[in-house]
Amino acid sequence: MTRPILEAKGLHVAFNGVKAADDVSIAIHDGEFLAIIGPNGSGKTTLLNICTGYIRPRSGRVLLDGHDITRLSPRAIARRGVARAFQIPQLFSTQRVIDNMMLALAATDGLWSAVRPLESPARRDEAKALLDLVGLAGDADRISSTLPEGHRKLLDIAVALALKPRLLLLDEPTSGVSALERFPLMEALMSALRQRGITALFVEHDMDVVARYASRVLVWNAGNIMAQGRPDEVFSNAQVRQRVVGVA
Amino acid sequence: MLNAIIPLLLDSLASAALIFFAAVGLTLVFSVLRVLNVAHGSLYSIGGYVAASICLFIASRQLNPYLSFAALLFSAVFVAAIFGPLIERSLVRWTYGKSEPVQILVTFGLFLILEDLQRMIFGVQSFYEDAPMRLLGTLTIGGVVYLNYQILLIGMALLVVIGLRLLINHTRLGRLITAVVTDREMAQSIGIDTNRIFILAFSLGVFLAALGGALATPTSGIAPGLGADTMVLAFAVAAIGGLGQIEGAAVASLIVGVARVLAIYLVPSLDAVAPYAAMLVVLLIRPYGLFGSMTARRI
Amino acid sequence: MRTIFATLAVLILAVLPVAAPWLQFVLTLAIAKGFAALGVAVLLRAGLISIGHAMFFAASAYGVAFLARAGIHDFGLLLILSVLAGALVGAVAGSFLVRYRAIFFAMLNLAVSMVFYALCAKLYSVTGGTDGMPVPVPAVFGIVFAEPVFKNVLFYLSLGLMVLVGVSVQRYLNSPLGHALSAVHTNEIRLEYLGIPVWAVLLIAYVISAALAGLGGAIAGFAIGRVVPDFAFWTASGHLVLIAVLGGIGGVPGAFIGALFLELLHSAAVTVTDSWNLIVGITLIVVIMFMPQGVYGLFARREVSSL
C-alpha cells in the first residue's frame, strides 16, 4: 500500500478527565473518501481539531506526507494543502457570499496579489464557478449572514474547496441541509472531489449518505476505533449496528 | 530606618485607598453589567464637587464642623441616588449586548457631557476644603507625625473590601448578583429581575466612585480635569487586578500606590508614569490581569 | 457618481478659504484630524478600538519639532521623516498589541499612550514639559514663505495629500489585505484556516493606522505652530474614535466628513456657547443610537455596519 497522506499515530486526548481519544491511530490514503461515524460526543470533531492544529493531543503524532505536523498552527497546516469545512459554518458573515469566496481564492495566491484589488474578473469567474458547483450561484451578491442555514453550510464547503486542497476535512457536511438537498449536495461534492483529485475525510451522522458515498468507514466510540472497513462490512457488524447505527 | 519606612508605607496605603475607591466601582460595574463605563471618573469628581460644596457651606454658616463627615457620606449617597438609576436606565441599558466600541463610545459621550455639566455648575476654579482632615488632627509616634485622616482613608478602603465581600457572599442580593454575573440568561430564565440588579449594581458603582471623590477632596482638593485623570487611573488599576475582580482591584491599588509613592521619593519626575508603566508590565505578562481569567472560544 | 461627488466636495473645500480666510485654519486642522480618524477607522474595521491613537498623532508632531530643532527645515523631508517615525512607533507598539482583542486591545493602547503622554509632560528638559515645543515654519521646495502664506500652502498641500492618501487607503481596503482585516472582526478562525496570518494582517493595518495618525499630527503641528503633551492625552484619542464613528467607518471619506463636520460645528458653536463637549457628547450618543452608520451612512447606499 502507498504511504498515507494523513496519518495519526497513538493519539491521546482528554477533556476534564474524559477521554476523547485513547491511543487512536488513523491513516487516510490518496483518493479515499473516508467516513468517520460514531455517537455524539465521541470525539470526532476533536480528531479534526487535532489534525488541523487547533488543539494539541496529550500525546501522539499527526503526519502529513510523513512530516510531523502535530505542533503546527491551523494556518501552517492549511498552507500545506489541508482544508476544513466546519460543522457550524465559519463565514465572514458581514461580507457578501462572493467576497467570502474571493478571499479564500486570494489566500492561495502569492504575496503580490495582496496589494491588488480583491475583485478581479478572473477571480470572480472562478468564485462563481465554485458557487455554481454547490448550487449557490444565485446568492453570490447576498450578505452571507442573510443566507438560510443550509446555504451557509454549502458556502462553508465551497470556501474550503476554493483553497484547492489536496485533503479536505468535512465536519458533518449534510447536517443542517434539508433532506431534499442532501443527495444533490453530495453528488456535486463527490464530482468536485474526483475532478480535482481531492482526498477527503468526513464526519457524518446520516448513515444513508455514508453507505452510499464512503469508500471506507471508521467507527469511533468512546475514544476508540470500534471497527473499520468497507461500508457494507461495517454496517453488517452486529456490535456497530447496535451501538452506532441504532438498529438491532 | 523604621522612621523612614513607616511614613512611606502610610503614604502608599493612603494613596492606594483613594485609587481603590476610584477603581472598585468600575470593576464592579464591569463584572455585573459587562460594560466598561468611561464616565466613571466623572462620577468620582462629581462626588468630590458635591462634598466640597456642602463642606464649604457648613464652614460658611459656622455649623458644627463634624457635620462635614456626614456631608462626605451624604454626597456619595446623593450622587448615587440621582445619577445611578438615571444613567443606567437612559444610556447604559441601551448598550447591553452591543460591541465594546459601542459601549466605550456611548459612555465616552456621557463623559464629555458630565465634564461640561460640572464646569457649568461648579465653574473652573479649584475647590479646597480640608476641614475634615484638620479636625482629625495628627498622631505622633516616635517623633514622626501622621495624619489621622490618612488612617481613616485606609480604614474606609478596608471596610469597603470586606463589606463588598460580605454583601456578595452572604446576602440575598449578593447571591442574585452572583447569579447574574455567572450566567445572565440563566438568571433571567429562573425569574431574577435582572433589570433591578443592573440598576442596583450600577448605582453601587456610582456610590463608590462618588465616595472616593468625596473622601479625596479634603486631602487634594478638586479641579477641572480630575475626572479624566481619575478615569485612566481607575482603568489602570481595574486592568491590573483583572476586570471584574474586587480583591484584584484592592491588590492592584496597593501596587499602583506603592509604585507611585516610590516614584515620588526616588524619581519625582516620573510619578505620573508609574501607574501606567505598572499596567503595561502586568498586562503584557498577564493580559487578563492578575486575578482575571479568559474563557476560550469553541468551534 | 461617487467620484463626481468627491471631486465636487474637494473643489468646494479648495475655494472655501478664498471666500472666508478664517476657515483656512479650521479646515487644515479638520483634514489633519481626518487623517488620524481614518487611522482609527482602519482598525475599527477589524473590530479593534484604540483609545491611544493620539500617541501617534503627538509622536509625529514631536518628531517634526525635534527634527526642526536638529536643523532640518525642508517641509517634505520633515513630513516624510515624522510620518516614518509615527509608523516606526506603530510597528514597535503594534508588534505586541495586535495579539490582543476587544477591551484588552483598547486598554493596552490607552496604557501605552498614557505612558507616552506622561513622559512628554514630565521630561521637561527634552520635551519642554507641558509648555510643549515650537514647530517653526519650514521651507517648502526650498522656498521660505512668510507664516500666513505658509499656512495657505499647508492647507492646499494637505488637501492634495487628503485625495492622494485617501485613494491609496481605499485601494488598500479593497485589496485582499483590507478584506482580511474586516474578516478578523467577523471570523478569525476561518481566516486562520484559510492560511492567512491574522497577526500580519493586523500588524500591517496597525502600522498604516499609526502612519495616518502621524501624518495628521505632523500637519496639525505645522498648522498650530506648537506641539504640547495634551496632543497625546486619552481624551484626544477618544475624540479621534468619535470622529471616525461620527463619519461612519464604512469608507475613507467618512473620516474626513466626520472631522470637517465636527470642526465646522465647533467653530460655529464657540461663538454662541462654551459648552462644546456637551454638544459633542450628545451628538455622539444620538449618532450611535439612531444612525449607527454615522453621518456618512446618510450618503452611502450599501454599507454594512461593522459595529
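Student: What should I know before I start?

Tutor: The model is predicted, so local features need pLDDT of at least 70 and side-chain atom pairs count only at pLDDT 80 or more, while totals for chains, interfaces and linings use all residues. Residues are numbered from 1 along each chain as its sequence is written, and chains are lettered from A in the order in which they are written.

Student: How many helices and strands does chain A have?

Tutor: Helices (H or I, at least four residues) and strands (E, at least two) are DSSP runs, numbered from the N terminus. Chain A has nine helices and 10 strands. Its radius of gyration, taken over C-alpha atoms, is 18 Å, close to the 18 Å from the globule rule for 248 residues, so chain A is as compact as a globular protein of that length. That rule is 2.2 Å times the number of residues to the power 0.38.

Student: At what angle do helix 2 and helix 10 of chain C pack?

Tutor: Axes are lines fitted to C-alpha atoms, for helices over the stretch in contact, and angles run from 0 to 180 degrees between N-to-C directions. Here the angle is about 165 degrees, with the axes of helix 2 (residues 23–45) and helix 10 (residues 198–224) of chain C 7 Å apart. That makes the two helices of chain C roughly antiparallel (over 145 degrees).

Student: How many residues of chain C are in contact with chain B?

Tutor: Contact means C-beta atoms, placed from the backbone, within 7 Å. By that rule, 39 residues of chain C are in contact with 37 residues of chain B. Helix 5 of chain C gives the most to the chain C side, with 15 residues.

How values were computed: Parallel < 35°, antiparallel > 145°, perpendicular 65-115°, else oblique. Contact = placed C-beta atoms within 7 Å.
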